[in-house]
Amino acid sequence: MTDLANEAMTIKLDYELPEYPKMEAGYRRAPRRESHLSEADKALAIKNALRYIHPDHHAKMAKEFAQELEEHGRIYGYRFRPEGKLYGKPIDEYKGKCIEGRAIQVMIDNNLDFDVALYPYELVTYGETGQVCQNWMQYRLIKKYLEELTDEQTLVVMSGHPLGLFHSHKLAPRVIISNGLMVGTFDDQENFNRAAALGVANYGQMTAGGWMYIGPQGIVHGTFNTLLNAGRLKLGIAQDKDLAGKLFVSAGLGGMSGAQGKAAEIAGAASIIAEVDDSRIDTRYTQGWVSHRTDSLEEAVKIATEHQKAGKPCAVAYLGNIVDLLEYLYEKNVHVDLMSDQTSCHVPYDGGYCPQGLTFEQRTEMLDKDPEGFRKLVDKTLQHHYEMICKFHERGTYFFDYGNSFLKAVYDTGVKSICKNGENDLDGFIFPSYVEDILGPCLFDFGYGPFRWCCLSRNPEDLHKTDMAAAEYIKEHNRRYQDYDNYVWVRDAEKNKLVVGTQCRILYQDAMGRMNLALKFNEMVRNGEIGPVILGRDHHDTGGTDAPFRETSNIKDGSNIMAEMATQCYAGNAARGMSYIALHNGGGTGIGRAINGGFGMVLDGSERVDTILKMAMPWDTMIGVSRRSWARNENAMTTVAEYNKMYEGKDHITMPYLADDKLVEDALKSVEG
Ligand SMILES: NC(=O)c1ccc[n+]([C@@H]2O[C@H](COP(=O)([O-])OP(=O)(O)OC[C@H]3O[C@@H](n4cnc5c(N)ncnc54)[C@H](O)[C@@H]3O)[C@@H](O)[C@H]2O)c1
């Protein structure tokens, strides 16, 4: 059978084992992962990993894998990591038989760049556990497949494992990805942990396993929009003003959370962001994404309040626990206007949330040596954190959950008072999720979402040209304040030095904006003004994610527990020929709490791509707006009505008739026994 596999495969890992690479010091390493494997399971995990390896090397690799499993709770296959720095090189430097095969390699390598990835050696791009694929054998094999892929084949990737190349056609996706999708009864963290340790499940989060992460810039724009709109809705800020003179306090300067200080600064606010890991502060400070850093509470608060009083923006990184910061601010009677949290609370017990009283290093050690004790400390701190937020709330602070499952994590520790109905989480929580209150009604319901693109040449000139083209387009199509915010964003984006890794840009746009910009960029590629571009979006979008505690939290017709929108979005994008598509379990809120998907679309300047863009771009956005409209969301209904008119004879979306509450109440009363 060994010979059968070896002879039957022409695409496989090289026979010779690579030299064990030198691990460079100074890069963050993932903590040991929980797995609880039985002895039989451990054997299975090793056998599973050996499927990638020629049997001549099994004796050697079985020992190496056993050691990794013991030490890290996972088999990463470190030996197979190419030595040195990985990064998204210019597309011409990649081998491949079609442009998509090469473009996707750029995106994968960008996700694993030392400057971009959270734990680059463990293939984690962001969000504590969001991985490109499970191990380095998969990485190597995916690359081999991408080099062989033609424009009439589709590569299937299941939880990081490249299942194979299958023939399709030129308008079909070149790669179809799924991550961590589990059968209902097993769809929970415990089963997922076991499956991941066995090497059969990958936590793709969103753009990590969807190969579309563009560094924390991706979230700066969303956070900027959220903060600005929170100010408008809750602090009475005029539509043409910013957050000058307001104080924002939060936690986390990691992969995504690292955007908070920068976004607050761009929005004009003074801010303090607590972070327990000094290396994260270092990264953000070197990048210029936080303006000040200190481990003194007194100094942090002094700098921030001085800026606040002068109406000047600042982003102060406080090295320490968020709960210590809140206690200090409360004791000193400092008024906080806006408050949030962006620790990795979707995985609080895996290292996502640091308990009060532990340094970052102590947290890592305890996680390894005493996970049960660690859990208890996490619960205690979360509960105290919640109490502090309640106290600030009483003093007029507006707190919102920033999509990191913070409220759910508090609830999971047994705090029922955090639930709207005082009993369970079915009706949501007493504090809003930022999507429920802000991003949903102000942006997603119109279709505005995190459209993005990446210039595959790695040439900053190309990015500059696309920025300018986008700014010009939005200026000409300025319909509402959201358009103006987006115009300001893209106009100033270069000045704000947001690029980390490849030359990418995020820009919130609605369905028409996304399609028209995509067509414009493809035309620019066609005319030779710029090199090839890849488009995509965060899964965290109007139609990309079903997640009742986040993206779909402002859907109130009871369908927020359904996962059909993201699935339809993915299927529809496949049908319309996006270059690659991804569907995941978990997203930013955790296993079993979200189904989410995204896409990548390579612009090569061709008419073929124009055809796909005209079909796929409106679909990808309007699926979300349609569902939001059907849930009776007012702004979504207006948007759908406009769309039905615009696309008359081509597209047609069902709209809801609105029933009168009183009439329904009376009808119910009339049949009461
Ligand atoms: N709202 C969104 O659009 C959005 C997007 C992506 C991610 N998220 C969510 O935000 C969370 C953070 O994402 P990330 O990529 O930044 O993760 P991350 O793990 O890279 O960063 C979180 C940071 O919080 C710090 N931290 C943990 N506990 C702390 C404490 N008690 N006090 C101070 N600092 C503490 C950690 O050291 C870490 O650096 C995740 O749950 C993710 O799902 C939200």
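**Ligand site and local backbone features**

S626 contacts V640 and I653, leaving aside residues up to four places away in sequence (contact: heavy atoms within 4.5 Å). The model is predicted: local features need pLDDT of at least 70, side-chain atom pairs count only at pLDDT 80 or more, and totals for chains, interfaces and linings use all residues. Residues are numbered from 1 along each chain as its sequence is written, and side-chain values use heavy atoms, with hydrogens and water left out.

S626 is placed in helix α20 (residues 607-630). Helices (H or I, at least four residues) and strands (E, at least two) are DSSP runs, numbered from the N terminus. The relative accessible area of S626 is 17%, so S626 is buried. Buried means under 20% relative accessible area, exposed over 50%, and partly exposed in between (1.4 Å probe, protein chains only).

The ligand is surrounded by 34 residues. The closest are S257, E275, R280, H346 and Y434. Here a residue is near a molecule or strand if one of its heavy atoms lies within 4 Å of it. For E275, an N or O atom of the side chain is 2.6 Å from a ligand oxygen. For Q205, the distance from a side-chain N or O atom to a ligand oxygen is 3.4 Å. For H540, a polar side-chain atom lies 3.3 Å from an oxygen atom of the ligand. A polar contact is a pair of N or O atoms within 3.5 Å; within protein, one must be able to donate a hydrogen and the other to accept it, and residues adjacent in sequence count only if both atoms are side-chain atoms. The ligand taken alone exposes 850 Å², of which the protein buries 98%. Accessible areas come from the Shrake-Rupley method with a 1.4 Å probe; for residues, only the protein chains shown count as cover.

Helix α6 spans residues 189-198. Its buried residues are F192, N193, A195, A196, A197 and L198. They pack against α2 (39-50) and α3 (58-72).

Most residues other than glycine have a negative phi. E128 is not a glycine, yet its phi is positive, about 65°. E128 lies in the loop between β1 (124-126) and β2 (130-131). Its relative accessibility is 4%, so E128 counts as buried. R458, also a residue other than glycine, has a positive phi near 65°. The loop between β12 (449-455) and α16 (460-476) holds R458. At 26% relative accessibility, R458 counts as partly exposed.
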